[in-house]
Amino acid sequence: MVALQTVLQSNANIARLPSGLVALFIGATSSGIGESTLQHLAQHAPAPRIYSVARPQSVAAHETLLASLRKSNPTATITLITADISLVSEIDKIVAAVTQKETKLHIFVTAGGRMAFEGREDTREGLEPSMSTRYYSPLRAVQQLLPLLNAAPSPRVLAVLAGGREAQMNEADLDLRDPANWSYWNAAVHAATMCTLALERLARGNPRLSVVHWDPGPVATPGLAKWDKYGLTPPNQRSQDEGGTRGVFLATNDRYAVQGHGGLVPVPEGLGGVNKSGGGIFLVDADGESTDNEGVLAGFRERGVDEMVWSHTEKVWAECAARARSPKDEL
Ligand SMILES: NC(=O)c1ccc[n+]([C@@H]2O[C@H](COP(=O)([O-])OP(=O)(O)OC[C@H]3O[C@@H](n4cnc5c(N)ncnc54)[C@H](OP(=O)(O)O)[C@@H]3O)[C@@H](O)[C@H]2O)c1
């Protein structure tokens, strides 16, 4: 386990990074692990240029948060991008906003999403939002941002979801379109498992890119508070602040860089290395250590399920793009 004290010491060294770190956050608005990660990065980094995505109904609250971050770090340039990531087609707006202003992206943190306890209500793209916010949209963003990420010396993607908790899926219905196959739990398993397989595929094609798929464990966020209502309150919850403190460590420490491509915050003395998954990404547990889920993942790779997930994902993205071009087809 990486001690919180070690994490705090590392995070203090973010102040020594060169100015001008560029970071993008999705799922960092009025609540959650992403918001706390954003706060800690904005507080420590010298003259960072940070982009943060908020859906329309959260823009006002997020502007208030960003105003306070600008006050606490006057060297920071923080830009709000309005987009609803339950729609894959909205990712284009995010990518365009960052690409217009930046030539590189050092860090991309994706922490949006929710458990769909309330049941299923599809978006106008025909996707179930707990899956689009946690898988189809963030992965689309990573894929589209690769040119900017690859232009950075030590690029990193931090996906806050459920790394190491991949499990068997209904391979005949990956997006769970058939209501008989859908449940909030199946949606969570499919999103997390497809996320790892697709991120591994992207990491293999982009060898300098560090990809961290993190399972933060129980963190006392408004998202987790909703679990109470369903009698699912997990024990030993960490505070949201610790969640964000650990999140920024994973996003900035060279312990999670691709070997030979460090360049962010040096690895704390005495801390051993972390292993990558067989597919080449860091699957990291709540304590910052690598987890091993090869018992599940190796079988997927052997059977080509990773390629099947990728083809399925590209097909879904193409369908969403086609729908966005023909608004008459909207539901
Ligand atoms: N907390 C935990 O214990 C825990 C444990 C394991 C895994 N996770 C996973 O970690 C991720 C973050 O969890 P959390 O507890 O921090 O969640 P949270 O408190 O519910 O925060 C989720 C964030 O996603 C944003 N978001 C949701 N739907 C969106 C949309 N359509 N468009 C744009 N932004 C949207 C929310 O913005 P708004 O302000 O607009 O709602 C918020 O900023 C989730 O994927 C969760 O499943 C959490």
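A polar backbone atom of Ile85 lies 3.0 Å from a nitrogen atom of the ligand, and a backbone N or O atom of Ser86 is 3.4 Å from a ligand nitrogen atom. On the oxygen side, a polar backbone atom of Val219 is 2.8 Å from an oxygen atom of the ligand. A polar contact is a pair of N or O atoms within 3.5 Å; within protein, one must be able to donate a hydrogen and the other to accept it, and residues adjacent in sequence count only if both atoms are side-chain atoms. The protein covers 89% of the 890 Å² of accessible area that the ligand has on its own (Shrake-Rupley method, 1.4 Å probe; for residues, only the protein chains shown count as cover).

The model is predicted: local features need pLDDT of at least 70 and side-chain atom pairs count only at pLDDT 80 or more, while totals for chains, interfaces and linings use all residues. Residues are numbered from 1 along each chain as its sequence is written, and side-chain values use heavy atoms, with hydrogens and water left out.

**Ligand shell**

- Thr29, Ser30, Arg55, Ser58 and Thr221 come nearest among the 29 residues around the ligand (a residue is near if one of its heavy atoms lies within 4 Å).
- By class, the shell around the ligand holds 12 nonpolar, 13 polar and 4 charged residues; Ala, Val, Leu, Ile, Met, Phe, Trp, Tyr, Cys and Pro count as nonpolar, Asp, Glu, Lys and Arg as charged, and the others, Gly among them, as polar.
- Helix H7 (222–228) gives the most to this shell, with 3 residues. Helices (H or I, at least four residues) and strands (E, at least two) are DSSP runs, numbered from the N terminus.

**Ser154**

- Ser154 sits in the loop between helix H5 (129–150) and strand E5 (156–160).
- Ser154 counts as buried because its relative accessibility is 5% (buried means under 20% relative accessible area, exposed over 50%, partly exposed in between, with a 1.4 Å probe and protein chains only).
- The side chain of Ser154 reaches the backbone oxygen of His261 at 2.7 Å.
- Residues touched by Ser154, not counting those up to four places away in sequence, include His106, Arg208 and Ala257; contact means heavy atoms within 4.5 Å.
- His106 is 48 residues from Ser154 in sequence, with a C-alpha to C-alpha separation of 6.7 Å.

**Ser130**

- Ser130 is found in helix H5 and is buried, at a relative accessible area of 0%.
- Its side chain makes a polar contact of 2.6 Å with the side chain of Glu128.
- Not counting residues up to four places away in sequence, Ser130 touches Arg114, Ala116 and Ala187.

**Cysteines**

- A search of the whole structure finds 0 disulfides (a disulfide is a pair of cysteine sulfur atoms within 2.5 Å).
- Cys195 is in no disulfide, and its nearest cysteine sulfur, that of Cys320, is 16 Å away.
- Cys195 is buried at 2% relative accessibility, and Cys320 is buried at 2%.

**Positive phi in residues other than glycine**

- Leu176, in the loop between E5 and helix H6 (184–205), has a positive phi near 55° and is buried at 1% relative accessibility.
- Asn236, in the loop between H7 and strand E8 (238–239), has a positive phi near 55° and is exposed, with a relative accessible area of 71%.
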